[in-house]
Amino acid sequence: VGSCTFLVGASLAQVIAACLLTLIPGIGTAVNVLNWILTHTLKPCILPKMDFEQEVPAPYQTMIVIPALLTDIKEVESLVQQLELHFLRNPEAGLSFALLADVTDASEQHMAGDEALLDHTSRQINALNARYQKSAGARFYGLVRERRWNPAENVWMGWERKRGKLSEFNQLLLTGTPGSYTTLVGDLSVLNTIHFVITLDTDTV
């Protein structure tokens, strides 16, 4: 190609451009040929997999968690309903479901409406456990953190927000130390058997 372009009086830049344009389809063809050869000469390796269709066995006990912010009673009920729906879609034994929550940022550590909100959250989680106790056991948890002072933002808030909720929850699973989780609802004796945590957003379906 280069010699042909030189013959017609092309510049060096035009020669290089022409060579590159002819290389592109050639490279594509070479890659396709190589893929075909490898596909037909190499034996496929079967990837290991875990069959958890019926249940999650003991070494793989898993907690599905939803980090969230408790803004009002309606939001609490919506979040608890999400927990229930996740359970109904995934009722296999070995899965537990937890709401990891903070109360909203505030000018003080404890606000007037906090107690009512926490009480409603506890009652909602306990009601879920009572509803499915006979068929599936107590698989629902509600963990709410108290506010901590954040000098950078000049406000009382959940430490490190979402990341903090997950970090302190993992610490609770590993060491039994609740950190800033002050409201813990559910069968806490199960927590030390949890090996994996799956985090879902509040709008995950």
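The model is predicted, so local features need pLDDT of at least 70 and side-chain atom pairs pLDDT 80 or more, while totals for chains, interfaces and linings use all residues. Residues are numbered from 1 along each chain as its sequence is written, and side-chain values use heavy atoms, with hydrogens and water left out.

**Exercise 1. Overall form**

Task: Describe the secondary structure and the extent of the chain.

Solution. 
- Step 1. Take helices as DSSP runs of H or I with at least four residues, and strands as runs of E with at least two, numbered from the N terminus. The chain then has 5 helices and 7 strands. Their order along the sequence is α-α-β-α-β-α-β-β-β-α-β-β.
- Step 2. Compute the radius of gyration over C-alpha atoms; the globule rule is 2.2 Å times the number of residues to the power 0.38. The chain has 28 Å, whereas a compact globule of 205 residues would have a value near 17 Å.
- Step 3. Box the C-alpha atoms along the principal axes. The box is roughly 90 × 50 × 30 Å.
- Step 4. Apply the burial classes: buried is under 20% relative accessible area, exposed over 50%, partly exposed in between (1.4 Å probe, protein chains only). Of the 205 residues, 34% are buried.
- Step 5. Count contacts, meaning heavy atoms within 4.5 Å. Among contacts with a separation of 6 or more, 74% join residues 24 or more positions apart.
- Step 6. The accessible surface comes to about 12,800 Å², and carbon and sulfur atoms hold 60% of it.

**Exercise 2. Helix α3**

Solution. 
- Step 1. The expected span is 1.5 Å times one less than the number of residues. Helix α3 covers residues 73-89, 17 residues in total. Its first and last C-alpha atoms are 25 Å apart, close to the expected 24 Å.
- Step 2. Look at the N-terminal end. Aspartate 72 caps α3 there, with a side-chain oxygen 3.3 Å from the backbone nitrogen of lysine 74.
- Step 3. List the buried residues. They are Val76, Leu79, Val80, Gln82, Leu83, Glu84, His86 and Phe87.
- Step 4. Recall the helix geometry. An α-helix has 3.6 residues a turn, so residues three or four places apart point the same way.
- Step 5. Find the cover. It includes β1 (62-70), β2 (95-103), α4 (114-136) and β3 (140-145).

**Exercise 3. Aromatic rings**

Task: Count the aromatic pairs and classify one of them.

Solution. 
- Step 1. Rings of Phe, Tyr and Trp (its six-membered ring) pair if their centres lie within 6.5 Å; planes under 30 degrees apart are stacked, over 60 edge-to-face, the rest tilted. The count is 8 aromatic pairs.
- Step 2. Take phenylalanine 52 and tyrosine 60. Their ring centres are 5.3 Å apart and their planes meet at 40°, so the pair is tilted.
- Step 3. Phenylalanine 52 is partly exposed at 27%, and tyrosine 60 is partly exposed at 30%.
- Step 4. Look for a cluster. Phe87, Phe97, Tyr132 and Phe140 form one.

**Exercise 4. Around α5**

Solution. 
- Step 1. Most residues other than glycine have a negative phi.
- Step 2. Glutamate 160 has a positive phi near 60°. This residue sits in the loop between β5 (155-157) and α5.
- Step 3. Arginine 161 also has a positive phi, about 50°. Arginine 161 belongs to α5.
- Step 4. Lysine 165, in α5, is buried at 5% relative accessibility. Beyond four places in sequence, its contacts include Pro67, Leu100, Asp102, Trp159 and Tyr181.
- Step 5. Serine 180 lies in the loop between α5 (161-175) and β6 (181-185). Serine 180 is buried, at 0%. Leaving out residues up to four places away, Serine 180 touches Val144, Arg145, Glu146, Arg148 and Glu168.

**Exercise 5. Back to α3**

Task: Which residues does threonine 204 contact, leaving aside neighbours within four places in sequence?

Solution. 
- Step 1. Locate threonine 204. It is in the segment after β7 (196-199) and is partly exposed at 26%.
- Step 2. Threonine 204 contacts Gln82 and His86.
- Step 3. Check the C-alpha distance. Threonine 204 and histidine 86 are 118 residues apart along the chain, yet their C-alpha atoms are 9.4 Å apart.

How values were computed
Polar contact = N/O pair within 3.5 Å; in protein donor to acceptor, adjacent residues only side chain to side chain. Areas by Shrake-Rupley, 256 points an atom, 1.4 Å probe, with all protein chains shown as cover.
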